[in-house]
Amino acid sequence: MMAVQRALESRRPCRERLFTDPLAASFVSRRWRLVLSVARLGVVRQAVESLYDRIGGPGPRASAIARTRFIDEALEQTAAGAEQIVILGAGFDSRAYRLNALAGRVVYEVDHPATQAFKRARLRRSASSSTVSSVRFVALDFERDDLTRAVLDAGYDVRAPGVFLWEGVTNYLTPAAVYSTLAAIRRLGCPGSALLFTYVEEAALDPDTVAFPEARQWVSAVRSRGEPWIFGLDPGSLADFLRDRRFVMVADTSTAEAGRAYFPPRGREERGSGLYHVVHASIA
Ligand SMILES: C[S@@+](CC[C@H](N)C(=O)[O-])C[C@H]1O[C@@H](n2cnc3c(N)ncnc32)[C@H](O)[C@@H]1O
(Lines give C-alpha, C1' and ligand atoms only; values in the text may rest on other atoms or scores of the structure.)
Protein backbone atom coordinates (compact mmCIF):
# COMPACT_ATOMS: atom_id res chain seq x y z
CA MET A 1 0.00 0.00 0.00
CA MET A 2 2.99 2.35 0.55
CA ALA A 3 3.95 1.78 -3.08
CA VAL A 4 0.36 2.43 -4.25
CA GLN A 5 0.23 5.69 -2.31
CA ARG A 6 3.60 6.84 -3.65
CA ALA A 7 2.68 5.85 -7.19
CA LEU A 8 -0.58 7.83 -6.97
CA GLU A 9 1.34 10.84 -5.68
CA SER A 10 3.76 10.53 -8.60
CA ARG A 11 0.81 10.78 -11.02
CA ARG A 12 -0.11 14.28 -9.76
CA PRO A 13 0.70 17.40 -11.76
CA CYS A 14 4.23 18.35 -10.73
CA ARG A 15 3.22 21.68 -9.15
CA GLU A 16 1.11 19.74 -6.61
CA ARG A 17 3.40 16.79 -6.07
CA LEU A 18 5.45 16.28 -2.90
CA PHE A 19 7.89 13.91 -4.63
CA THR A 20 8.26 11.71 -7.67
CA ASP A 21 8.87 8.02 -7.15
CA PRO A 22 9.37 6.46 -10.59
CA LEU A 23 9.77 2.96 -9.15
CA ALA A 24 6.68 2.81 -6.93
CA ALA A 25 4.35 1.50 -9.64
CA SER A 26 6.66 -1.46 -10.34
CA PHE A 27 6.00 -2.89 -6.87
CA VAL A 28 2.19 -2.99 -6.94
CA SER A 29 -0.13 -5.83 -7.94
CA ARG A 30 -1.32 -6.25 -11.52
CA ARG A 31 -4.77 -4.92 -10.57
CA TRP A 32 -3.28 -1.78 -9.04
CA ARG A 33 -1.01 -1.31 -12.06
CA LEU A 34 -4.09 -1.19 -14.23
CA VAL A 35 -5.73 1.37 -11.92
CA LEU A 36 -2.54 3.45 -11.90
CA SER A 37 -2.26 3.45 -15.66
CA VAL A 38 -5.75 4.98 -15.99
CA ALA A 39 -4.99 7.30 -13.04
CA ARG A 40 -2.73 9.28 -15.36
CA LEU A 41 -6.01 11.06 -16.15
CA GLY A 42 -6.48 13.66 -13.41
CA VAL A 43 -10.17 12.95 -12.84
CA VAL A 44 -9.53 9.22 -12.47
CA ARG A 45 -6.66 9.79 -10.03
CA GLN A 46 -8.82 12.12 -7.95
CA ALA A 47 -11.61 9.53 -7.87
CA VAL A 48 -9.18 6.75 -6.88
CA GLU A 49 -7.64 8.87 -4.12
CA SER A 50 -10.98 9.91 -2.71
CA LEU A 51 -12.27 6.31 -2.74
CA TYR A 52 -9.00 5.18 -1.14
CA ASP A 53 -9.37 7.82 1.60
CA ARG A 54 -13.03 6.90 2.14
CA ILE A 55 -12.17 3.24 2.66
CA GLY A 56 -8.95 3.77 4.66
CA GLY A 57 -10.04 6.96 6.42
CA PRO A 58 -8.46 10.39 6.07
CA GLY A 59 -5.15 9.57 7.83
CA PRO A 60 -3.09 6.91 6.04
CA ARG A 61 -2.48 8.26 2.54
CA ALA A 62 -1.82 11.88 3.51
CA SER A 63 0.38 10.73 6.39
CA ALA A 64 2.37 8.38 4.13
CA ILE A 65 2.91 11.08 1.51
CA ALA A 66 3.93 13.73 4.06
CA ARG A 67 6.31 11.34 5.81
CA THR A 68 7.95 10.32 2.52
CA ARG A 69 8.68 13.95 1.63
CA PHE A 70 9.77 14.82 5.15
CA ILE A 71 12.20 11.88 5.28
CA ASP A 72 13.51 12.64 1.79
CA GLU A 73 14.49 16.08 3.09
CA ALA A 74 15.89 14.80 6.39
CA LEU A 75 17.92 12.15 4.57
CA GLU A 76 19.25 14.67 2.07
CA GLN A 77 20.50 16.79 5.00
CA THR A 78 21.95 14.01 7.12
CA ALA A 79 23.48 12.07 4.20
CA ALA A 80 25.68 15.05 3.41
CA GLY A 81 28.01 14.05 6.23
CA ALA A 82 27.73 10.28 5.81
CA GLU A 83 29.41 7.67 3.66
CA GLN A 84 26.92 4.87 4.31
CA ILE A 85 23.17 4.67 4.75
CA VAL A 86 21.37 1.74 6.37
CA ILE A 87 17.68 1.47 5.47
CA LEU A 88 16.04 -0.86 7.98
CA GLY A 89 12.84 -2.54 6.83
CA ALA A 90 13.44 -0.97 3.41
CA GLY A 91 10.33 -2.45 1.80
CA PHE A 92 9.68 -0.58 -1.45
CA ASP A 93 11.77 2.44 -0.45
CA SER A 94 13.31 3.75 -3.67
CA ARG A 95 15.59 6.43 -2.24
CA ALA A 96 18.76 4.57 -3.25
CA TYR A 97 17.49 4.79 -6.82
CA ARG A 98 16.12 8.32 -6.94
CA LEU A 99 17.79 10.69 -4.43
CA ASN A 100 20.83 12.41 -5.90
CA ALA A 101 21.95 13.24 -2.36
CA LEU A 102 22.76 9.54 -1.95
CA ALA A 103 25.04 9.44 -4.98
CA GLY A 104 28.37 7.84 -4.17
CA ARG A 105 27.13 6.42 -0.83
CA VAL A 106 26.86 2.75 0.04
CA VAL A 107 23.23 1.96 0.88
CA TYR A 108 22.42 -1.17 2.90
CA GLU A 109 18.83 -2.25 2.33
CA VAL A 110 17.91 -4.46 5.29
CA ASP A 111 14.59 -6.27 5.16
CA HIS A 112 12.64 -9.40 5.84
CA PRO A 113 13.74 -12.08 3.33
CA ALA A 114 10.23 -12.42 1.83
CA THR A 115 9.77 -8.70 1.15
CA GLN A 116 13.30 -8.32 -0.12
CA ALA A 117 13.08 -11.26 -2.53
CA PHE A 118 9.88 -9.76 -3.99
CA LYS A 119 11.50 -6.32 -4.33
CA ARG A 120 14.61 -7.68 -6.00
CA ALA A 121 12.55 -9.67 -8.50
CA ARG A 122 10.55 -6.53 -9.38
CA LEU A 123 13.73 -4.42 -9.63
CA ARG A 124 15.18 -6.86 -12.15
CA ARG A 125 12.12 -6.28 -14.35
CA SER A 126 12.04 -2.51 -14.00
CA ALA A 127 13.57 -0.09 -16.47
CA SER A 128 14.17 2.65 -13.85
CA SER A 129 16.03 0.51 -11.34
CA SER A 130 19.52 1.87 -11.89
CA THR A 131 20.85 3.19 -8.60
CA VAL A 132 22.43 6.54 -7.81
CA SER A 133 24.16 4.79 -4.91
CA SER A 134 25.74 1.39 -4.44
CA VAL A 135 23.14 -0.94 -2.90
CA ARG A 136 23.90 -3.98 -0.72
CA PHE A 137 21.01 -6.20 0.33
CA VAL A 138 20.81 -7.72 3.80
CA ALA A 139 17.96 -10.18 4.46
CA LEU A 140 16.98 -10.83 8.08
CA ASP A 141 14.20 -10.92 10.64
CA PHE A 142 14.40 -8.20 13.32
CA GLU A 143 12.64 -10.57 15.73
CA ARG A 144 15.23 -13.31 15.46
CA ASP A 145 18.46 -12.40 13.69
CA ASP A 146 21.64 -10.58 14.65
CA LEU A 147 21.44 -7.19 12.90
CA THR A 148 24.92 -6.06 13.97
CA ARG A 149 26.58 -9.18 12.58
CA ALA A 150 24.59 -9.15 9.33
CA VAL A 151 25.32 -5.50 8.54
CA LEU A 152 29.01 -5.91 9.42
CA ASP A 153 29.21 -8.99 7.20
CA ALA A 154 27.76 -6.92 4.35
CA GLY A 155 30.66 -4.50 4.72
CA TYR A 156 29.47 -1.70 7.04
CA ASP A 157 32.44 0.31 8.35
CA VAL A 158 32.00 1.17 12.04
CA ARG A 159 34.69 3.88 11.80
CA ALA A 160 32.85 5.86 9.11
CA PRO A 161 29.83 8.10 9.69
CA GLY A 162 26.47 6.64 8.74
CA VAL A 163 22.75 7.35 8.68
CA PHE A 164 20.17 4.80 9.83
CA LEU A 165 16.66 5.07 8.45
CA TRP A 166 13.88 2.96 9.99
CA GLU A 167 10.63 4.09 8.41
CA GLY A 168 7.23 2.49 8.86
CA VAL A 169 8.50 -0.49 10.82
CA THR A 170 8.59 -0.07 14.64
CA ASN A 171 4.79 -0.27 14.92
CA TYR A 172 4.86 -3.85 13.55
CA LEU A 173 7.54 -5.18 15.92
CA THR A 174 7.56 -6.56 19.45
CA PRO A 175 9.15 -4.27 22.08
CA ALA A 176 12.06 -6.73 22.34
CA ALA A 177 12.81 -6.41 18.61
CA VAL A 178 12.58 -2.60 18.79
CA TYR A 179 15.01 -2.46 21.73
CA SER A 180 17.47 -4.93 20.20
CA THR A 181 17.43 -3.07 16.88
CA LEU A 182 18.18 0.23 18.64
CA ALA A 183 21.03 -1.48 20.53
CA ALA A 184 22.43 -2.80 17.22
CA ILE A 185 22.25 0.68 15.65
CA ARG A 186 24.05 2.03 18.71
CA ARG A 187 26.80 -0.57 18.29
CA LEU A 188 27.23 0.04 14.57
CA GLY A 189 27.05 3.82 14.42
CA CYS A 190 29.94 6.03 15.42
CA PRO A 191 29.09 9.08 17.57
CA GLY A 192 27.17 11.72 15.66
CA SER A 193 25.64 9.21 13.22
CA ALA A 194 22.01 10.05 12.54
CA LEU A 195 18.95 7.89 13.16
CA LEU A 196 15.65 8.69 11.42
CA PHE A 197 12.73 6.53 12.47
CA THR A 198 8.96 6.58 12.65
CA TYR A 199 6.61 5.54 15.42
CA VAL A 200 2.91 5.64 16.15
CA GLU A 201 1.66 7.09 19.41
CA GLU A 202 0.94 4.30 21.87
CA ALA A 203 -2.47 5.91 22.60
CA ALA A 204 -3.43 5.08 19.01
CA LEU A 205 -3.00 1.33 19.60
CA ASP A 206 -6.24 1.43 21.60
CA PRO A 207 -9.04 1.34 19.01
CA ASP A 208 -11.32 3.21 21.43
CA THR A 209 -8.96 6.15 21.80
CA VAL A 210 -10.56 9.56 21.48
CA ALA A 211 -7.17 11.23 21.01
CA PHE A 212 -7.03 10.44 17.29
CA PRO A 213 -10.32 10.16 15.39
CA GLU A 214 -8.54 8.53 12.43
CA ALA A 215 -7.11 5.71 14.60
CA ARG A 216 -10.13 3.39 14.69
CA GLN A 217 -10.40 2.88 10.91
CA TRP A 218 -6.63 2.79 10.43
CA VAL A 219 -5.93 0.32 13.24
CA SER A 220 -8.68 -2.02 12.07
CA ALA A 221 -7.48 -1.81 8.42
CA VAL A 222 -3.92 -2.88 9.28
CA ARG A 223 -5.22 -5.60 11.57
CA SER A 224 -7.52 -6.98 8.88
CA ARG A 225 -4.53 -7.15 6.49
CA GLY A 226 -2.79 -9.36 9.06
CA GLU A 227 -0.23 -6.70 10.02
CA PRO A 228 -1.50 -5.23 13.33
CA TRP A 229 0.24 -2.37 15.08
CA ILE A 230 1.71 -3.77 18.27
CA PHE A 231 4.25 -1.14 19.34
CA GLY A 232 3.89 2.56 20.06
CA LEU A 233 5.66 5.31 21.98
CA ASP A 234 4.60 8.27 24.11
CA PRO A 235 5.98 11.53 22.69
CA GLY A 236 6.13 12.94 26.23
CA SER A 237 8.76 10.40 27.30
CA LEU A 238 10.50 9.96 23.94
CA ALA A 239 13.58 12.04 24.80
CA ASP A 240 14.13 9.94 27.96
CA PHE A 241 13.50 6.70 26.05
CA LEU A 242 16.22 7.69 23.59
CA ARG A 243 18.61 9.01 26.24
CA ASP A 244 18.36 5.71 28.14
CA ARG A 245 19.59 4.03 24.95
CA ARG A 246 22.35 6.61 24.40
CA PHE A 247 20.71 8.55 21.60
CA VAL A 248 20.07 12.29 21.59
CA MET A 249 16.73 13.47 20.26
CA VAL A 250 17.07 16.19 17.64
CA ALA A 251 13.42 16.53 16.55
CA ASP A 252 10.09 14.72 16.78
CA THR A 253 7.61 15.77 14.09
CA SER A 254 4.13 14.38 13.51
CA THR A 255 3.00 13.92 9.94
CA ALA A 256 0.23 16.44 10.76
CA GLU A 257 2.94 19.05 11.39
CA ALA A 258 4.89 17.99 8.31
CA GLY A 259 1.69 18.07 6.25
CA ARG A 260 0.96 21.67 7.26
CA ALA A 261 4.21 22.71 5.59
CA TYR A 262 3.54 20.75 2.40
CA PHE A 263 -0.14 20.57 1.49
CA PRO A 264 -1.63 24.10 1.82
CA PRO A 265 1.11 25.84 -0.23
CA ARG A 266 0.26 23.45 -3.08
CA GLY A 267 -3.47 24.18 -2.83
CA ARG A 268 -4.16 20.74 -1.33
CA GLU A 269 -6.64 19.92 1.41
CA GLU A 270 -5.09 16.74 2.83
CA ARG A 271 -3.66 16.71 6.34
CA GLY A 272 -1.13 14.32 7.81
CA SER A 273 -1.90 12.60 11.10
CA GLY A 274 -1.06 13.50 14.69
CA LEU A 275 -0.58 9.85 15.61
CA TYR A 276 2.25 9.14 13.16
CA HIS A 277 5.67 10.65 13.97
CA VAL A 278 9.09 10.96 12.37
CA VAL A 279 12.03 11.23 14.77
CA HIS A 280 15.49 12.57 14.05
CA ALA A 281 18.01 11.44 16.67
CA SER A 282 21.75 11.09 16.78
CA ILE A 283 24.07 8.64 18.46
CA ALA A 284 25.45 10.19 21.65
C1 LIG B 1 5.12 -0.75 6.05
S2 LIG B 1 6.57 -1.44 5.38
C3 LIG B 1 7.62 0.00 5.31
C4 LIG B 1 8.61 -0.12 4.23
C5 LIG B 1 9.45 1.12 3.95
N6 LIG B 1 10.36 1.40 5.02
C7 LIG B 1 8.55 2.30 3.67
O8 LIG B 1 8.40 3.15 4.55
O9 LIG B 1 7.99 2.34 2.58
C10 LIG B 1 7.23 -2.40 6.72
C11 LIG B 1 8.55 -3.05 6.38
O12 LIG B 1 9.05 -3.67 7.55
C13 LIG B 1 9.53 -4.96 7.23
N14 LIG B 1 9.40 -5.82 8.41
C15 LIG B 1 8.32 -5.99 9.20
N16 LIG B 1 8.59 -6.87 10.18
C17 LIG B 1 9.87 -7.28 9.99
C18 LIG B 1 10.74 -8.19 10.66
N19 LIG B 1 10.33 -8.88 11.73
N20 LIG B 1 12.00 -8.36 10.19
C21 LIG B 1 12.43 -7.68 9.09
N22 LIG B 1 11.65 -6.79 8.42
C23 LIG B 1 10.40 -6.59 8.87
C24 LIG B 1 8.64 -5.43 6.09
O25 LIG B 1 9.28 -6.46 5.34
C26 LIG B 1 8.44 -4.13 5.32
O27 LIG B 1 9.46 -3.95 4.37
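Student: At roughly what angle do the axes of α4 and helix α11 cross?
Tutor: This is a predicted model, so everything here is computed. The axes of α4 and helix α11, which spans residues 255-262, cross at roughly 80° and come within 9 Å.
Student: How are α4 and α11 oriented to each other, then?
Tutor: Angles of 65 to 115 degrees count as roughly perpendicular. The pair α4 and α11 is therefore roughly perpendicular.
Student: Which residues make the contact?
Tutor: On α4, Ser63, Ala66, Arg67, Arg69, Phe70 and Glu73 take part. On α11, the partners are Thr255, Ala258, Gly259 and Tyr262.
Student: What classes of residue does the contact of α4 with α11 have?
Tutor: There are four nonpolar, three polar and three charged residues in the contact of α4 with α11.
Student: Why give both an angle and a distance?
Tutor: Two packed helices are described by the angle between their axes and the distance between the axes.
Student: What about helix α1 and helix α4, how do their axes cross?
Tutor: Helix α1 covers residues 2-10 and helix α4 covers residues 60-79. Their axes cross at roughly 75° and come within 10 Å. That angle makes α1 roughly perpendicular to α4.
Student: Which residues of α1 and α4 meet?
Tutor: Met2, Gln5, Arg6 and Glu9 are the α1 residues. They meet Pro60, Arg61, Ala64, Ile65, Arg67 and Thr68 in α4. By class, the contact of α1 with α4 has four nonpolar, two polar and four charged residues.
Student: New topic. Which residues come nearest to the ligand?
Tutor: Of the 18 residues around the ligand, the nearest are Arg6, Gly89, Asp111, Thr115 and Glu167. The shell around the ligand has seven nonpolar, five polar and six charged residues.
Student: How much of the ligand's accessible area does the protein cover?
Tutor: On its own the ligand has 590 Å² of accessible area, and the protein covers 85% of that.
Student: Last one. Where does arginine 246 lie?
Tutor: Arginine 246 is in the loop between α10 (238-244) and β6 (247-254). Its phi is near 65°, a positive value in a residue other than glycine.

Methods. Residues are numbered from 1 along each chain as its sequence is written. This is a predicted model: local features need pLDDT of at least 70, side-chain atom pairs count only at pLDDT 80 or more; totals for chains, interfaces and linings use all residues. Side-chain values use heavy atoms; hydrogens and water are left out. A residue is near a molecule or strand if one of its heavy atoms lies within 4 Å of it. Accessible areas come from the Shrake-Rupley method with a 1.4 Å probe; for residues, only the protein chains shown count as cover. Ala, Val, Leu, Ile, Met, Phe, Trp, Tyr, Cys and Pro count as nonpolar, Asp, Glu, Lys and Arg as charged, and the others, Gly among them, as polar. Axes are lines fitted to C-alpha atoms, for helices over the stretch in contact, and angles run from 0 to 180 degrees between N-to-C directions. Helices (H or I, at least four residues) and strands (E, at least two) are DSSP runs, numbered from the N terminus. Angles under 35 degrees count as roughly parallel, over 145 as roughly antiparallel, 65 to 115 as roughly perpendicular and the rest as oblique. Contact means heavy atoms within 4.5 Å.
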